[in-house]
Amino acid sequence: MQLNIAVVPGDGIGPEVTNQAIAVLRAVAQKFGHTLKHTTKNIGGAALVASGDPLPPDTLDACLSADAVLLGAVGGPAFDSYPRLKRPEAGLLRLRQELGAYANLRPAVCYAALETSSPLRADVVHGTNIMIVRELLGGLYFGQPRSLDGEPGARVAINTMRYSESEVERIARVAFDLAGKRRKKILSVDKSNVLECSRLWREVVTGVAAEYPNISLAHQYIDSAAMLLVMKPTEFDVVLTENMFGDILSDQAGGVCGSLGLLASASIGGKVGLYEPVHGSAPDIAGKGIANPLGAILSIGMMLRHSFHLEHEAESIETAVGTVLSQGCRTKDLARSGESALSTSEMGARVVSVLNAH
Ligand code: IPM
Ligand code: MG
């Protein structure tokens, strides 16, 4: 198979982790007899600096004509005071929109070897395996009107949470279909005691559930779900939620599993899938070669599964990551005191060597 990938490394640790992810993809392609073609383009702050646009036309064209896109991370303190549309994040949000990527899948798995790396007790996190299904193109991120106006001292800001029935329905179907292949349990997270969007969300999700009699559906308010996620993470299977709640819960799930650096994601639903680690650009450690590349590497696994339907290849990456962790390989974010840490490229090389050895 020919794998045509667009790589948009972005800012901070983005280039470091995507380099390792591409090295792993190259190894998998070689091992299973696929041809890899990839082109690298600017996005986010890197693109702003180069061209004044966080998603330049040639980047968008390359992404739209690829089979799948790998993104590193966007953002950095240098851009904090830029107007909204000239921020690195605007490039990523526009890319998700242009790709029609409404479904963001964020698995949070606690690897056996890392049970003691979680700030929670090992017996609490043991066996945690969650799939967060986050709606990615609606809610507060995209709702109109939005503004920040007025004279200093009397300014007013507005954001709008907006959802249509069809937007809720399509993401609910993604969650129900996924749950059918897992433990058949969905927790739909909302704030329907306060928000109209959430009331609609709950009604539509309940309606879709009627078509999936073998899946059990429960509803939970976001505040209580956040608490449950640290109290009893193993009770979660599929979590279905709107854009902002999903953004928050997925970082929290990273903490539960030991490090946000481990979490991968797939942003799908449109013609071209976008694969991005859940972590940000981590400006504090950028360029030091110490970032954890596993989130980006596992995102390649999700790419192989969801864009190319190469399940064996995807599993080979997931197995290799489990193996290197059980061999004791740790990047700085995972190492406990007294444990030595691998660099970003050493960790990537370990995954490649496990892949080549099996
Ligand atoms: C994420 C990030 C993005 C988001 C930012 C960088 C726009 O936090 O992918 O979780 O909020 O979606
Ligand atoms: Mg986030």
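Me: How many aromatic pairs does the structure hold?
Reply: The structure holds three aromatic pairs, where rings of Phe, Tyr and Trp (its six-membered ring) pair if their centres lie within 6.5 Å. This is a predicted model, in which local features need pLDDT of at least 70 and side-chain atom pairs count only at pLDDT 80 or more, while totals for chains, interfaces and linings use all residues. Residues are numbered from 1 along each chain as its sequence is written, and side-chain values use heavy atoms, without hydrogens and water.

Me: Why is the pair of Phe 79 and Tyr 82 edge-to-face?
Reply: The planes of Phe 79 and Tyr 82 stand at 75°, with ring centres 5.3 Å apart, so the pair is edge-to-face; planes over 60 degrees apart count as such, under 30 as stacked and the rest as tilted.

Me: Is Phe 79 buried or exposed?
Reply: Phe 79 counts as buried, at 9% relative accessibility. Tyr 82, at 37%, counts as partly exposed. Buried means under 20% relative accessible area, exposed over 50%, and partly exposed in between (1.4 Å probe, protein chains only).

Me: On to ligand 1: which residues are around it?
Reply: Glu 89, Arg 96, Arg 106, Arg 134, Tyr 141 and Asp 247 are around ligand 1, each with a heavy atom within 4 Å of the ligand.

Me: What is the distance from an oxygen atom of ligand 1 to the side chain of Tyr 141?
Reply: An N or O atom in the Tyr 141 side chain is 2.6 Å from a ligand 1 oxygen. For Arg 106, the corresponding distance is 2.7 Å.

Technical notes. Chains are lettered from A and ligands numbered from 1 in the order in which they are written. A polar contact is a pair of N or O atoms within 3.5 Å; within protein, one must be able to donate a hydrogen and the other to accept it, and residues adjacent in sequence count only if both atoms are side-chain atoms.
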